[in-house]
Amino acid sequence: MQTIGVIGAGQMGAGIAQVSAQAGFRVILADVALDRAEAGKAGIAKALARLVEKEKIAEDDRDAALASIEPVGSVAAMGDCALVIEAATEREAIKRAIFADVGKVLGADAILASNTSSIPITRLAQAAPDPARFMGVHFFNPVPVMGLIELIRGLATADATVAAVEDYAKALGKQVVRANDAPGFIVNRVLMPMLNEACFALGEGVATMQDIDLACQLGLNHPMGPLTLADFIGLDTCLEITRVLFEGTGDPKFRPAPLLVKYVEAGWFGRKAKRGFYDYSGAVPVPTR
Ligand code: CAA
């Protein structure tokens with residue numbers, strides 16, 4: 001059984017660890033401190049318990065998946081991983097420091113992949129131990145529910161690296177798409193302008209927050225309206241990716257909506273901050289405008 005290393009036990013990292021364990025991989029789940037990695041595993045235990053309750057998986061499968069996840073407080077334990085996926089905070093300096101650390105223990109054939117949603121893979125590869133064995137593997141939130149993984153190769157990524165990560169992604173039961181290393185890859189290149197435009201529309205008084213969301217939800221058959229989805233992703237993340245599109249292409253069509261900037265400057269980052277376009281402090285989200 002192959003061992004997968006996951007660095008970062010937050011929402012994305014825990015999701016990646018969960019689906020990898022459910023697919024039969026042994027998983028080493030690392031965060032900056034052991035208690036954070038253990039908290040990530042505790043969240044996975046809850047998610048798996050819900051799946052047992054709903055009779056989607058058997059208790060034995062839950063137990064096997066949980067037993068195969070080892071939480072650790074440093075990347076030093078990743079020496080026998082065939083693939084290490086970095087799903088840490090979306091800050092380049094943090095990712096570079098992680099790559100330097102994991103580079104000290106990574107096996108000669110092991111692959112390092114980043115779950116970055118916006119940082120150029122070719123640039124990140126410069127900090128990786130071997131750019132030929134480095135690429136982007138972009139999961140979507142919530143990882144256990146979303147059926148897609150974007151695979152992004154940098155200039156130096158070897159064909160064998162892409163093929164191995166594609167095999168892993170398919171073993172998780174996900175569909176894969178291959179994207180070139182262009183700002184936003186595929187999904188965020190298309191999604192972020194829509195979310196940003198919803199912010200322009202709200203700021204310009206085109207409609208109320210609820211009507212913008214309802215219009216897109218029902219008129220486009222999307223599971224969530226764009227403002228709800230922006231809150232779900234995190235308004236800081238949406239702004240960060242929009243800026244990558246704007247700066248990476250130099251095209252003014254990607255300029256961030258002033259209202260999005262204002263919400264981020266206010267610290268209203270969305271669901272995780274309990275306040276974004278909606279207020280999440282009560283049982284039901286309430287529009288804030
Ligand atoms: N983890 C695991 N399962 C979850 C979950 C989570 N966090 N949230 C919901 N689910 C499951 C539920 O258990 C439920 O499962 P069953 O049908 O088996 O009972 C199913 O998903 C539907 O959930 P709900 O009935 O509670 O609610 P819903 O129908 O509104 O679905 C949703 C919730 C799946 C999040 C749905 O609203 C959705 O798909 N929204 C859009 C999500 C999206 O676009 N994600 C991509 C964001 S972009 C990104 O991630 C990349 C980036 O770089 C920014």
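1. In this predicted model, helix α2 supplies eight residues to the lining of the second largest pocket, the largest share from any element. Two elements, α1 (11–22) and α2 (34–53), each give two or more residues to that lining.

2. The second largest pocket holds about 630 Å³ of space. Its lining consists of 26 residues, and those closest to the centre are Gln18, Ala47, Arg50, Pro142 and Pro144. Sorted by class, the lining comprises 14 nonpolar, eight polar and four charged residues.

3. Attention may now turn to helix α7 and its partners. Helix α7 (residues 187–203) and helix α10 (residues 235–249) have axes that come within 10 Å and cross at roughly 115°. The crossing of α7 past α10 is left-handed. On the side of α7, the contact is made by Asn188, Arg189, Met192, Pro193, Leu195 and Asn196, while α10 contributes Cys238, Ile241, Thr242 and Leu245. Six of the residues in this contact of α7 with α10 are nonpolar, three are polar and one is charged.

4. Helix α7 also packs against helix α9 (residues 226–233), at an angle of about 115° and with the axes 9 Å apart. Here too, α7 passes α9 in a left-handed crossing. The residues of α7 that make the contact are Leu191, Met192, Met194, Leu195, Ala198, Cys199 and Leu202; those of α9 are Pro226, Leu227, Leu229, Ala230 and Ile233. What classes of residue form the contact of α7 with α9? There are twelve nonpolar residues in it, with no polar and no charged ones.

5. Met192 and Leu195 of α7 deserve a remark. Both are listed in the contact with α10, and both are listed again in the contact with α9.

6. A further point concerns proline 183, which lies in the loop between β8 (175–179) and α7. Is proline 183 buried, partly exposed or exposed? Its relative accessible area is 23%; since buried means under 20% and exposed means over 50%, proline 183 therefore counts as partly exposed.

7. Leaving aside neighbours within four places in sequence, proline 183 is in contact with Arg189, Val244, Leu245, Gly248 and Thr249.

Methods:
Residues are numbered from 1 along each chain as its sequence is written. This is a predicted model: local features need pLDDT of at least 70, side-chain atom pairs count only at pLDDT 80 or more; totals for chains, interfaces and linings use all residues. Side-chain values use heavy atoms; hydrogens and water are left out. Axes are lines fitted to C-alpha atoms, for helices over the stretch in contact, and angles run from 0 to 180 degrees between N-to-C directions. Helices (H or I, at least four residues) and strands (E, at least two) are DSSP runs, numbered from the N terminus. A crossing is left-handed if the near helix is turned anticlockwise from the far one by less than a right angle, and right-handed if clockwise. Contact means heavy atoms within 4.5 Å. Ala, Val, Leu, Ile, Met, Phe, Trp, Tyr, Cys and Pro count as nonpolar, Asp, Glu, Lys and Arg as charged, and the others, Gly among them, as polar. On a 1 Å grid over the protein atoms alone, a cavity is a set of points where a 1.4 Å probe fits but cannot get out, and a pocket is an open set with protein on both sides within 12 Å along at least five of seven lines; lining residues have an atom within 4 Å of a point. Grid points are joined across faces, edges and corners, and a volume is the space filled by probe spheres set on the points. Buried means under 20% relative accessible area, exposed over 50%, partly exposed in between (1.4 Å probe, protein chains only).
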